[in-house]
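Here are my notes on the model you passed along.

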Amino acid sequence: MKGYGMISIGQAGWIEKPTPAIGALDAIVRPTIVAPCSSDTHALHGGIGVKENLILGHEAVGIIEAVGEGVKNFKAGDFVVVPCATPDWLAPGVQNFKSFSHDTGVMKSFKFLGSKDGTFAEYFHVNQADANLAKLTDGVSPEAALMTVDMMSTGFHAAELAEVKYGDTVVVIGIGPVGLMAVAASVLRGAGRVIGVGTRPICAKVAKEYGATDIISYKEGNIVEQVYRLTAGRGADCAIIAGGGGETLGQAVAMVRETGTVGSVNFFDYRDKIEINALYWGLGMSHKDIRCGFCPGGSERIRRMMEILKYGRFDAEKLITHKFNGFDELPAAFELMDKKAPDLIKPIVYLDK
Ligand code: NDP
Ligand code: ZN
């Protein structure tokens with residue numbers, strides 16, 4: 001079968017591979033719509049797990065081609081929504097109450113890109129289909145469902161990590177698709193003021209539509225100072241990190257007030273330097289918490305995300321700014337994601353057209 005991916009670090013191209021083998025609990029899926037993601041571009045440029053001859057992509061909806069003999073809830077021909085993280089639910093990590101994102105080690109539940117080929121292919125493999133696939137909820141479009149598998153689950157997790165509460169002032173550092181979902185989640189969790197940090201005009205527009213009250217630019221001065229100025233010296237209750245480099249963690253700690261919480265889903269590069277100014281951290285005595293995490297996966301998580309969309313809490317399709325048709329357009333969609341055009345939030349590619 002044909003796939004699009006990373007031939008070696010920094011070099012993208014078409015890859016030919018055998019159709020993946022299926023285990024007793026697994027499924028093989030034929031993707032109908034996929035979405036390139038910042039994590040695919042990070043994988044191409046530095047590697048997340050596998051570093052060569054890897055089909056990229058981890059966001060997809062599609063049709064089941066085959067299921068293993070132990071799969072109970074799905075059959076060939078079913079339309080499915082595929083979470084980007086597909087834990088091994090039998091592993092010790094998922095039996096730990098704290099996290100099911102780290103089944104056999106840090107981030108190991110992220111199988112696509114991490115340990116096997118992804119979704120930019122004619123077919124892809126899903127482990128433990130009963131626990132890792134979701135049926136499309138009635139009243140939710142396939143395009144909106146595609147936004148739940150990573151963008152929404154990750155952005156919502158950022159607001160969970162930051163423990164956003166009624167009336168909080170929340171700063172969302174980075175308002176790409178993940179940060180925009182964190183804006184929507186913060187509003188749903190009852191935030192008062194929501195300050196977005198970013199510059200792409202389309203992102204600022206959608207952030208406001210999702211309920212951001214202010215937008216500031218990291219290109220127009222120190223964002224910590226801007227937040228203190230906007231809040232008349234009080235600082236924020238929560239800071240969410242969904243963009244920028246290693247410097248954002250120290251900035252987030254500095255902009256939250258005592259007892260505040262930093263929630264990050266940002267992908268920090270291994271070359272990033274994370275520095276926290278001890279004074280801004282209340283010399284370590286401020287009860288400012290730093291909580292960092294990774295997209296929760298599994299069927300139940302995605303079912304819950306789709307419930308939010310079904311009842312019209314917000315419109316996830318606003319993230320989709322570019323639509324491509326056909327396998328041959330995958331490279332163009334991927335390149336758009338890599339270059340981050342000013343009018344881009346999220347591209348999708350219909351593979352069945
Ligand atoms: P985008 O690149 O689309 O958005 C990044 C945002 O950060 C933009 O708003 C950008 O502003 C802003 N930004 C860039 N530099 C800075 C800076 N120095 N200070 C403040 N803001 C800055 O990314 P995505 O929304 O796709 O992803 C966000 C992050 O989440 C990435 O690191 C990605 O890898 C990670 N991620 C993590 C996942 C997880 O499970 N934990 C899953 C998916 C993604 P501008 O408007 O100027 O572009
Ligand atoms: Zn993604």
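1. Ground rules. This is a predicted model, so to speak of local features pLDDT must be at least 70, side-chain atom pairs count only at pLDDT 80 or more, and totals for chains, interfaces and linings use all residues. Residues are numbered from 1 along each chain as written, chains are lettered from A and ligands numbered from 1 in written order, and side-chain values use heavy atoms, with hydrogens and water left out.

2. The zinc site. Cys-37 (SG), His-58 (NE2), Glu-59 (OE) and Asp-150 (OD) coordinate the zinc ion (ligand 2) at 1.8 to 2.2 Å. Donors here are N, O and S atoms within 2.8 Å of the metal (3.2 Å for Na, K and Ca), and since water is not among the atoms, sites may look incomplete. The 4 donor atoms of the zinc ion (ligand 2) make angles of 96 to 125°, and the site is tetrahedral (four donors, all angles between 85 and 135 degrees).

3. Where the donors come from. Along the sequence, the donor residues of the zinc ion (ligand 2) follow the spacing C-x20-H-E-x90-D. Glu-59 sits in the loop between strand 4 and strand 5 (60-67), while Asp-150 belongs to helix 3 (residues 142-161), so this pair links parts of the chain 91 residues apart. Helices (H or I, at least four residues) and strands (E, at least two) are DSSP runs, numbered from the N terminus. Buried means under 20% relative accessible area, exposed over 50%, partly exposed in between (1.4 Å probe, protein chains only).

4. Ligand 1. There are 27 residues around ligand 1, and the closest are Ser-38, Thr-199, Arg-200, Tyr-218 and Cys-295 (a residue is near if one of its heavy atoms lies within 4 Å). For polar contacts (N or O atom pairs within 3.5 Å), a polar side-chain atom of His-42 is 3.0 Å from an oxygen atom of ligand 1. On the backbone side, a polar atom of Ile-175 is 2.8 Å from a ligand 1 oxygen, and an N or O atom of Gly-176 is 3.4 Å from one. Taken alone, ligand 1 exposes 930 Å², of which the protein buries 88% (Shrake-Rupley areas, 1.4 Å probe). Helix 1 (38-46), helix 3 and helix 4 (177-188) each give two or more residues to this shell; helix 1 gives the most, with 3 residues.

5. One open sheet has 3 strands in the order 2-1-4, with antiparallel pairing; strand 2 (11-16) and strand 4 (54-55) are its edges, each pairing on one side only. Two strands pair if DSSP finds at least two bridges between them. Strand 1 (residues 2-8) pairs with strand 2 over 6 bridges, including Gly-3 with Ile-15. Elsewhere, strand 5 and strand 6 (residues 79-82) are antiparallel over 4 bridges, and Ala-60 is the bridge partner of Val-82. Strand 6 also pairs with strand 8 (residues 134-135) over 2 bridges, where Val-80 stands opposite Lys-135.

6. Two angles to look at. Which phi values are positive in a residue other than glycine? Asn-53, in the loop between helix 1 and strand 4, has phi near 50° and is partly exposed at 41%. Glu-163, in the loop between helix 3 and strand 9 (170-173), has phi near 55° and is partly exposed at 33%.

Conventions: Tetrahedral: all angles 85-135°; square planar, octahedral: opposite > 155°, others 65-115°. Polar contact = N/O pair within 3.5 Å; in protein donor to acceptor, adjacent residues only side chain to side chain.
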